[in-house]
Amino acid sequence: AQAQQQTQIAVETDVLGITHAEVGAALATRWQLPDALIAVIRGHHNPPRDASATIALTHVADAACRTMGFTFKERKPELTISDSALDRLHLTLPALTALLSSVEPEIRAQVGETFAAIFK
């Protein structure tokens, strides 16, 4: 993905014909997990227009992690949130960006403390 300057999702679709969200939803279905959880797994990158608040929040959290650099490979310098998630949460992108900027130091501190506790 990095070498070809493509997103992880684009490479998954091109190489495998399926994304990790779709694989995760299929596994969750096979494992008979609750439908609400399956919907979150399926929609965390691309929430449907009628997304639940849980799907929308998971999408926001995933995007925020990418923007803050809490990701394995693909860091996004700009916060990218779907319109459906913003609508569902009654937010605007500027308001969400400001909120995340205000809590980012605390998030970084908590992540640091968590990893310190795990790997001490």
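User: Before we start, what should I know about the numbering and the model?

Analyst: Residues count from 1 along each chain as its sequence is written, and side-chain values use heavy atoms, with hydrogens and water left out. The model is predicted, so to speak of local features we need pLDDT of at least 70, side-chain atom pairs count only at pLDDT 80 or more, and totals for chains, interfaces and linings use all residues.

User: How many helices and strands does the protein have?

Analyst: Helices (H or I, at least four residues) and strands (E, at least two) are DSSP runs, numbered from the N terminus. Here you get six helices and zero strands, in the order α-α-α-α-α-α along the sequence. The C-alpha atoms fill a box of roughly 40 × 35 × 30 Å along the principal axes.

User: What share of the residues is buried?

Analyst: Buried means under 20% relative accessible area, exposed over 50%, and partly exposed in between, using a 1.4 Å probe and protein chains only. In this protein, 26% of the 120 residues are buried.

User: Which residues line the second largest pocket closest to its centre?

Analyst: Picture a 1 Å grid over the protein atoms alone: a pocket is an open set of points with protein on both sides within 12 Å along at least five of seven lines, and lining residues have an atom within 4 Å of a point. Points are joined across faces, edges and corners, and the volume is the space filled by probe spheres set on them. The second largest pocket has a volume of about 250 Å³. Of its 16 lining residues, H45, H59, R66, K76 and T80 are the closest to the centre. The elements giving two or more residues to that lining are α1 (8-16) and α4 (53-68), and α4 supplies the largest share, five residues.

User: Is Q32 buried or exposed?

Analyst: Q32 is exposed, with a relative accessible area of 70%.

User: Where is H90, and what is its phi?

Analyst: H90 lies in the loop between α5 (83-88) and α6 (93-118). Its phi is positive, about 55°, although H90 is not a glycine. H90 counts as exposed, at 72% relative accessibility.

Definitions and conventions: On a 1 Å grid over the protein atoms alone, a cavity is a set of points where a 1.4 Å probe fits but cannot get out, and a pocket is an open set with protein on both sides within 12 Å along at least five of seven lines; lining residues have an atom within 4 Å of a point.
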